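Hi,

Here is the structure I promised to send over. Have a look at it first, and then read on for my notes.

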Amino acid sequence: PTGDTHRHINWYTSACNDSKELTPIQLKAFIMFLTRAADRGMVPMYDLMNHHNGLINTRLQIDEEGGMSVIAATAIEDACND
């Protein structure tokens, strides 16, 4: 999600945590979600495939029916056949 992290934390605290302060573990979990979530929420395989020395090498494509595909943004080398 884009925007100020505190705005997201404040929303979550009021909407999902009865306006109680988050515990350290809840805060860490929520920050992990914020930093890894796509626009549809957590997409674990997308997160795994999009890590390569800080480069963005994949993109998430969503079709009209809500299905998701992970698309390579660059050529993928076959490391097994070097």
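Two residues are in contact here when heavy atoms lie within 4.5 Å. On that basis, among contacts in the protein chain between residues at least 6 apart in sequence, 13% join residues at least 24 apart.

Before the details, some housekeeping. This is a predicted model, with local features needing pLDDT of at least 70 and side-chain atom pairs counting only at pLDDT 80 or more, while totals for chains, interfaces and linings use all residues. Residues are numbered from 1 along each chain as its sequence is written, and side-chain values use heavy atoms, with hydrogens and water left out.

The protein chain has 3 helices and 2 strands, in the order α-α-α-β-β from the N terminus. Those are DSSP runs numbered from the N terminus: helices are H or I with at least four residues, strands are E with at least two. Of its 82 residues, 20% count as buried (buried is under 20% relative accessible area, exposed over 50%, partly exposed in between, with a 1.4 Å probe and protein chains only).

Now to H1, residues 5-16. His 8, Ile 9 and Thr 13 are buried in H1. Seen down the axis, the buried residues fall within an arc of 130°, so they line one face of the helix (the arc is taken from the directions from the helix axis to the C-beta atoms). Asn 10 and Trp 11, on the other side of H1, are exposed. Just after the helix, Asp 18 has a positive phi of about 50°.

What covers that buried face? Part of the cover for the buried residues of H1 is helix H2 (24-36). The two helices pack at an angle of about 125°, their axes 11 Å apart; axes are lines fitted to C-alpha atoms, for helices over the stretch in contact, and angles run from 0 to 180 degrees between N-to-C directions. The contact is made by Thr 5, His 8, Ile 9 and Tyr 12 of H1 with Leu 27, Phe 30 and Leu 34 of H2.

One more residue to look at: Ile 31, in helix H2. At 36% relative accessibility, Ile 31 counts as partly exposed. Its C-alpha atom is 8.2 Å from that of Thr 5, 26 residues away along the chain.

Cheers
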